[in-house]
Number of protein chains: 4
Amino acid sequence: MTGTSFGSDNHAGVHPDVLAAVVEANTGTVPAYGDDPVTAEAERLVRRHFGPTAEVFPVFNGTGANVVGLQAMLRSFESVICAESAHINVDECGAPERFLGSKLVDVPAPGGKLTVDLVDAARWGVGDPHHVQARVVSITQSTELGTVYSLDEIRALSAYAHERGMYLHLDGARIANAAVALGVELGELGSAVGVDVLSFGATKNGALGAEAVVVLRPELAASMHFVRKQAMQLASKMRFVSAQLVALLSDDLWRRNAANANAMAARLAAAVDGAAGVTVTDRVQANAVFALLDPRATAVLQQEFPFYVWNEATGQVRWMTSWATTEADVDAFAARIREVAAGFA
Amino acid sequence: MTGTSFGSDNHAGVHPDVLAAVVEANTGTVPAYGDDPVTAEAERLVRRHFGPTAEVFPVFNGTGANVVGLQAMLRSFESVICAESAHINVDECGAPERFLGSKLVDVPAPGGKLTVDLVDAARWGVGDPHHVQARVVSITQSTELGTVYSLDEIRALSAYAHERGMYLHLDGARIANAAVALGVELGELGSAVGVDVLSFGATKNGALGAEAVVVLRPELAASMHFVRKQAMQLASKMRFVSAQLVALLSDDLWRRNAANANAMAARLAAAVDGAAGVTVTDRVQANAVFALLDPRATAVLQQEFPFYVWNEATGQVRWMTSWATTEADVDAFAARIREVAAGFA
Amino acid sequence: MTGTSFGSDNHAGVHPDVLAAVVEANTGTVPAYGDDPVTAEAERLVRRHFGPTAEVFPVFNGTGANVVGLQAMLRSFESVICAESAHINVDECGAPERFLGSKLVDVPAPGGKLTVDLVDAARWGVGDPHHVQARVVSITQSTELGTVYSLDEIRALSAYAHERGMYLHLDGARIANAAVALGVELGELGSAVGVDVLSFGATKNGALGAEAVVVLRPELAASMHFVRKQAMQLASKMRFVSAQLVALLSDDLWRRNAANANAMAARLAAAVDGAAGVTVTDRVQANAVFALLDPRATAVLQQEFPFYVWNEATGQVRWMTSWATTEADVDAFAARIREVAAGFA
Amino acid sequence: MTGTSFGSDNHAGVHPDVLAAVVEANTGTVPAYGDDPVTAEAERLVRRHFGPTAEVFPVFNGTGANVVGLQAMLRSFESVICAESAHINVDECGAPERFLGSKLVDVPAPGGKLTVDLVDAARWGVGDPHHVQARVVSITQSTELGTVYSLDEIRALSAYAHERGMYLHLDGARIANAAVALGVELGELGSAVGVDVLSFGATKNGALGAEAVVVLRPELAASMHFVRKQAMQLASKMRFVSAQLVALLSDDLWRRNAANANAMAARLAAAVDGAAGVTVTDRVQANAVFALLDPRATAVLQQEFPFYVWNEATGQVRWMTSWATTEADVDAFAARIREVAAGFA
C-alpha cells in the first residue's frame with residue numbers, strides 16, 4: 001500500500017512548526033509537571049482564545065481529555081447525555097464508565113448532532129434515586145459524522161442545560177476544523193456559547209500528542225489538578241506537551257492546519273461526487289467525507305489507500321483529511337476512486 | 001534561580017538522539033494506535049532485551065505504566081503488597097486504587113526494599129472473603145530511596161510469590177539506572193529473575209514522555225490492548241512514543257544515559273560527603289543522593305539550585321542526577337553545598 | 001389513600017410462612033456469614049431446583065444480585081447487552097456501571113424482550129481495543145413489561161452467546177412469576193436453557209428482603225465469595241436471609257405465591273379490559289397489567305389506590321399484583337377503575 | 001460443638017422485641033424504598049438521639065453503612081486516615097477502595113485508637129497533586145480491640161479535623177456498647193463531639209440485619225439517596241429494616257442489649273483473669289475480652305466453644321459477648337477455660 005492514508009487525521013504526522021517548538025523547548029532543566037515557562041505560555045495562549053478565567057490542563061490524548069473534563073462536572077450517580085455516535089460512547093473502550101463510574105445515556109442523533117428535543121427526551125427520572133441524574137450534555141464539534149454545530153445550536157443546548165442545573169461539555173478533538181468551518185474564532189465555541197468544559201484537540205490538528213482540558217467555569221477547576229493526576233494524565237516533562245499547544249496557537253497555525261484539512265475534504269468530495277458508482281452521503285462541513293461505494297470497489301481501493309468502512313451494511317466509507325493532506329494526495333486518490341468505482345457502477 | 005536542577009530526573013530535557021528519532025519518525029501517513037513500523041521496531045528491541053515472548057505496550061507515563069501493568073495481574077478484590085515508600089503508594093494520587101479498585105497493602109521497608117519476610121508478614125487472611133487477597137508483590141528498581149535490589153533479592157521475592165500463586169511486578173521507572181548499577185543487561189531484571197510484569201521507564205532515561213508495560217507471561221497479555229485503552233493510555237500517533245523507545249534501546253543509549261546519571265550521583269556524593277555540615281545518609285547506588293543538611297543551608301541552596309527536602313523532620317534532602325547532568329553541573333553544585341553548609345556547621 | 005397498592009410487588013409484606021421461618025431460625029448462636037445450617041439448607045434447596053453444580057450466594061436485594069452476578073462474568077472493558085427497559089439499565093442508579101466499570105449496551109426491545117437479531121446488531125467491534133467487548137447478554141424474566149421469554153427464546157439467546165464466547169445472564173427478580181406463567185419448574189429457566197448466572201428473586205415473591213445469585217457454571221463461581229463481600233452484599237447474620245429462601249423453596253410456596261400474583265393480574269385485566277376508557281395494552285403473562293387511561297382518570301384513581309404512570313406521554317399506567325393481592329382487592333380496584341374511567345371516556 | 005459461641009456478636013440471634021417489631025410491620029401494602037410510616041418512625045427516633053437535623057439512611061449491613069457514609073464526604077482523590085486495625089481497612093475485602101476509589105491511609109494505632117498525633121503524622125502532601133488529600137478521619141467506637149474512645153478523645157480528633165477542612169467519621173457498628181461503657185446517651189457520640197457522619201450499628205446490638213448511616217451535617221446529605229442506591233444498599237421493603245431500628249431505639253432496648261453484652265464481657269474477664277494459664281491482655285471496656293492462652297488450650301476449647309484466635313504469633317484469643325449472652329453461658333465457658341488452661345500452665 002503506497003498511497004496517502006485517508007483513514008484518519010491521526011495517521012498524519014506532526015507539523016514541522018510543532019516539532020520545531022518541541023525541539024526549542026529542550027533547553028536545560030525545568031520543573032516538571034507543568035510548573036515551567038512553556039506551560040505558562042500555553043496557558044496564556046489558551047486563555048487569549050477562551051477567556052481570562054479559563055483554566056487549562058494539558059493532557060496526553062483525547063480519551064484523557066474527555067474523561068478528565070467530564071469528571072470536573074460529574075459525580076458517579078450523575079449521567080452524561082450524548083449522541084449514540086459520540087466518541088466517548090463508542091470509541092473509548094468504556095473509559096468514561098470505568099473511571100467516572102457514570103452512565104452515558106446515548107441518543108440516536110441524526111448527523112451525530114444532539115438537539116434540545118433529543119436531550120429533553122433522554123432526561124427523566126429527575127430526583128428519583130433509582131435513576132441516574134442527568135448532569136452533563138456532551139457534544140462533539142465537529143462531530144464524528146463530519147458535521148458542525150452552529151453557534152445557535154450550541155447556545156440552545158447550553159441554555160437548556162443551564163436552566164436545569166446541567167452543564168455543557170464539548171469534545172473538541174476537531175474543534176479547529178469546526179471553527180474554520182464556521183468561520184469563527186476558537187473562543188466563540190467556548191463560554192461565548194455556554195460551553196462549560198471542553199477538550200481542546202491538538203493531536204489531529206498537527207501535534208505529536210497533546211490535548212488540553214479547558215475549564216470555562218472557575219468553580220469547576222478547583223480539584224482538576226488532582227483529578228488529572230489520578231486519571232494518569234499528568235505529564236512529567238510537560239513542557240514538551242505544552243510546546244505543541246504553543247506552536248498551534250501561535251501565528252494561527254491551528255487555523256491554517258484546519259483550513260487545509262477542511263479544504264482537502266471539500267476538494268475530495270467535489271472531485272468524486274456524482275461520479276459513476278460514488279455517492280457522497282453528507283454535506284461536507286469539516287474534514288470528513290462519507291460516501292457510498294460498491295464494496296468491491298472499496299476492497300480494491302483499500303489495497304492502495306488506507307481508509308475505513310463506516311457502515312458495512314450500507315457500504316458507506318469514511319475518508320478523512322488532515323493538515324498534511326495535499327492537493328496532489330487528493331487528486332491521486334480521487335482519480336483512483338472514480339476509476340475503480342466506475343468499474344462496479 | 002540559575003543553577004541546574006537536582007530536583008528530579010524529570011527536570012532534564014530530552015536526549016538529542018531521542019529527539020532526532022522523533023523527527024525521523026515524522027514521515028508521511030502511517031496507521032495510528034501502534035500498527036506502524038516504528039512501534040514494531042520498538043517491540044522488537046524490547047523483546048531483544050526481555051525475551052521473545054515479552055509483550056510490549058507503550059504508554060504515556062509512569063503512572064499509566066504501573067496501573068496498566070498491575071491490571072494485567074489483578075482483580076479488584078486482590079491486593080498489591082508494596083513498600084510504604086513506593087511511588088504507587090505515595091506519588092500517584094491514588095490512581096491505582098481508583099482504576100484498579102484494589103487495595104495497596106504497604107509495608108514500612110528499610111531502604112525502600114521489600115524482603116520475603118516483610119511480604120510474608122503482610123500476606124494474611126488467604127481464602128477469607130473478608131480480606132483482600134494478596135496477588136501481586138510490587139517492587140521499584142531502582143527504589144525511591146536510590147537503592148537497588150540485587151538479582152538474588154528479586155529472585156527470592158519472585159520465588160516466594162510464585163509458590164503462592166502470586167505475581168511479581170517491577171516498577172522500572174529507573175530500571176536503566178538499576179541495570180547499570182548492577183552491571184547487568186536490562187533483561188536480567190525481567191523474567192530471568194522471575195518478574196512477571198514490569199514498567200519500562202524511558203522518560204527519566206532521556207525520553208520526551210514514553211514508558212512501556214512489558215508483560216513477561218504471555219497468558220497475562222491477552223486483554224492488555226483493551227486495558228490500556230480503557231486506562232486512557234493508548235496513544236493515537238504512537239509512532240512518536242515508540243520512536244523514543246527505539247532511540248534509547250539502540251546503540252546502548254539507555255545504558256550510556258543511566259551510566260552518566262549514576263556517575264554524576266556518585267561524583268556529587270563523593271564531593272560533599274564528610275564536608276562540614278553535610279552527611280550523605282545512604283550508600284549511593286543509582287542516581288539519587290540523600291543527605292542531611294542544616295535547614296538554613298538548604299534554604300540558601302534552594303535559591304540557587306532546585307532540589308527537594310525529603311524529610312522535613314530530619315532535614316534530609318534528595319539530590320537527583322540525570323542523563324544530562326554534567327561534571328561541571330555537579331562540581332558547581334558541590335562547591336556551593338560545601339560552602340553554604342560550612343556556614344551552618 | 002386507603003386502597004391496596006397496585007404500585008409494585010415490593011409494596012406487599014412478607015408471607016406468613018417466610019416470617020415463621022425467620023422466627024424459627026432465631027435459636028442460639030451460629031456462625032456468621034453463611035457458615036450455618038439454615039444457609040446450607042437454602043443452598044441444598046436451590047440446588048435441587050437448579051442442579052447439583054449450582055453455586056448459591058444469598059444477597060440482600062435485586063441490585064446486589066444483578067451486580068454481583070454480572071461480575072462473575074465480566075471484566076471492566078467487557079460489556080453487557082440488555083434491553084433499554086432493563087432494570088439494570090434504568091432502575092439501579094448506575095450501580096452496574098459504578099461497581100463493574102462496564103458499559104451497558106442497551107437496545108430498544110419490543111415488549112422488553114431481546115432477540116438474537118437485536119443482540120447481534122449490538123455486538124460489534126469485536127477485537128477492536130477502541131470498543132467495549134460484548135461478553136454478557138442479560139435478560140429479565142419475567143420482563144419489566146410483564147412479558148415472559150419462552151424456553152425456546154432463551155435457548156436461542158444462550159446458543160448465540162455461547163457460540164461467541166459470551167454468557168447469558170438472567171435477572172430473575174420475578175423468575176417465579178415467569179416459571180408459573182410458562183408452567184415450568186424453576187430449574188427449567190436455568191442451565192437447562194443455557195443460562196449461566198441468574199438472580200433468584202425472593203423479595204417480590206413474598207420474602208422480607210432476600211435474593212440469591214445462582215452461578216450455573218462452576219468455573220465462574222470461584223471468586224464469588226470475594227466479589228459478594230467487596231460488593232457489600234455479604235450478610236453477617238445470614239441465617240435470616242437464608243431462612244427466607246428456605247421457606248419459599250419449601251412446599252412450593254414460591255409457586256403458590258407467584259401463581260396468586262399472576263392470577264390476580266389476569267383477573268384485573270379481564271375485569272377492566274374493554275371497559276369504557278380503559279385499554280389493556282399488552283397480553284398479561286405474569287403479574288403486571290399495562291393499560292391506557294385518561295390522565296384525569298389516573299389522577300382520581302391514584303388518590304385511592306397507589307400505582308404508577310408508566311409513560312406520561314401516552315397515559316399508560318402499570319398495575320402490579322403480588323402474592324398478597326386478594327380477589328377482593330382486585331375486584332374493588334377494578335370496580336373503581338371502570339367507574340372512574342367511564343367518566344372520562 | 002455444643003457451647004455458646006463467643007466468636008462474634010454476629011453469632012447471636014435477634015432480640016425477641018426486634019422480631020416482634022418486624023412481625024408487627026407486616027400489615028398490608030405500603031410504599032417501598034423508605035416512603036413508609038415505619039421508616040418515618042425510625043428516622044424520628046434516630047433524630048431524637050442524634051439531633052433534629054440528623055439525616056438517616058437505613059442500609060443492610062456494616063460494610064454498606066461505612067462505605068455509603070464515607071462517600072458523603074469524599075471524592076476519589078481524597079483519603080481516609082484510619083487505624084491499621086480498622087474494620088474498613090482489614091475486614092471489608094477492599095469494599096471502600098473499590099466503591100470509593102479512595103485510598104485508606106492506615107496507621108498503626110495502639111489499642112485500635114487514633115490520636116491527633118497519629119493522624120497528623122499521616123496527613124501530608126496537602127495541595128500536592130501527587131498525593132491523595134486527607135479528607136476524613138475514621139474511628140471505630142467501640143474499637144475492634146474492645147477499647148472505647150472517651151468523649152474528649154473524640155473531641156480532640158474532630159477539632160483537629162475541622163480546623164483543616166476535614167471530617168470525622170465514626171464506625172459505630174458497636175456504638176451502643178461504647179455509649180454504655182461511657183455511661184452516655186447515643187447522641188453524645190454524635191455531633192456533640194464533632195462527629196460528622198456515623199454508622200449506627202443495629203445488627204450486633206440485637207437486630208436481624210440493619211444499620212443506618214447518620215449524616216450529622218445537613219449539607220453532606222443532599223446526594224445520599226442516590227449514593228445509597230448506587231451502592232446497592234437501598235432496601236425495597238424497607239419497613240422491615242426500619243422496624244428493627246425502631247425496636248432497638250424504643251424503651252432503651254439498645255442500652256439494655258449493650259449493657260448485657262458489656263457486663264458479660266466483664267464477668268468473663270473477671271472469672272478467668274489471673275487463673276493459671278490465662279492472661280487477660282487488655283482492659284475490658286466494651287464487649288470483647290482479649291487473652292493469652294496456650295495454643296493447645298485454645299485448640300481444646302475451640303472444640304467446645306466457637307471463638308477466634310486474634311494473633312497466631314502470640315497466642316492471643318478474642319472472646320466476644322452479645323445481647324444474648326447469659327451468665328450461665330459465661331460461667332460455663334469460664335469454668336472450662338480455667339480447667340483447660342490450667343492443664344497447660
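## Helix H10 of chain A

In this predicted model, helix H10 of chain A is followed by Asp251(A), a residue whose phi is positive, near 55 degrees. The helix itself, which spans residues 239–249, is mostly covered, with eleven of its eleven residues buried.

The buried set runs through Arg239(A), Phe240(A), Val241(A), Ser242(A), Ala243(A), Gln244(A), Leu245(A), Val246(A), Ala247(A), Leu248(A) and Leu249(A).

## The interface between chains A and B

Between the two chains, 48 residues of chain B are in contact with 48 residues of chain A. The area buried between them comes to about 4000 Å², and carbon and sulfur atoms give 56% of that area. On the chain B side, Arg98(B), Met232(B) and Lys237(B) lose the most area to chain A, together accounting for 21% of what that side buries.

## Elements and polar pairing

Several helices of chain B each supply at least two residues of the side that touches chain A, namely H1 (16–24), H3 (62–71), H5 (95–100), H9 (224–230) and H10 (239–249). By residue class, the side of chain B that touches chain A divides into 23 nonpolar, 18 polar and seven charged residues.

What is the count of salt bridges between chain B and chain A? The count is zero, whereas 40 residue pairs in polar contact are found across the interface, with both partners at pLDDT 80 or more.

How values were computed: Residues numbered from 1 in each chain as written. Chains lettered and ligands numbered in written order. Predicted model: local features only at pLDDT ≥ 70, side-chain atom pairs only at ≥ 80, totals over all residues. Heavy atoms only, no water. Contact = heavy atoms within 4.5 Å. Buried area = accessible area lost by both parts, 1.4 Å probe. Salt bridge = Lys/Arg side-chain N within 4 Å of Asp/Glu carboxyl O. Polar contact = N/O pair within 3.5 Å; in protein donor to acceptor, adjacent residues only side chain to side chain. Helix = DSSP H or I, 4+ residues; strand = E, 2+ residues; numbered from the N terminus. Nonpolar A, V, L, I, M, F, W, Y, C, P; charged D, E, K, R; others polar. Buried < 20%, exposed > 50% of the residue type's maximum accessible area, 1.4 Å probe, protein only.
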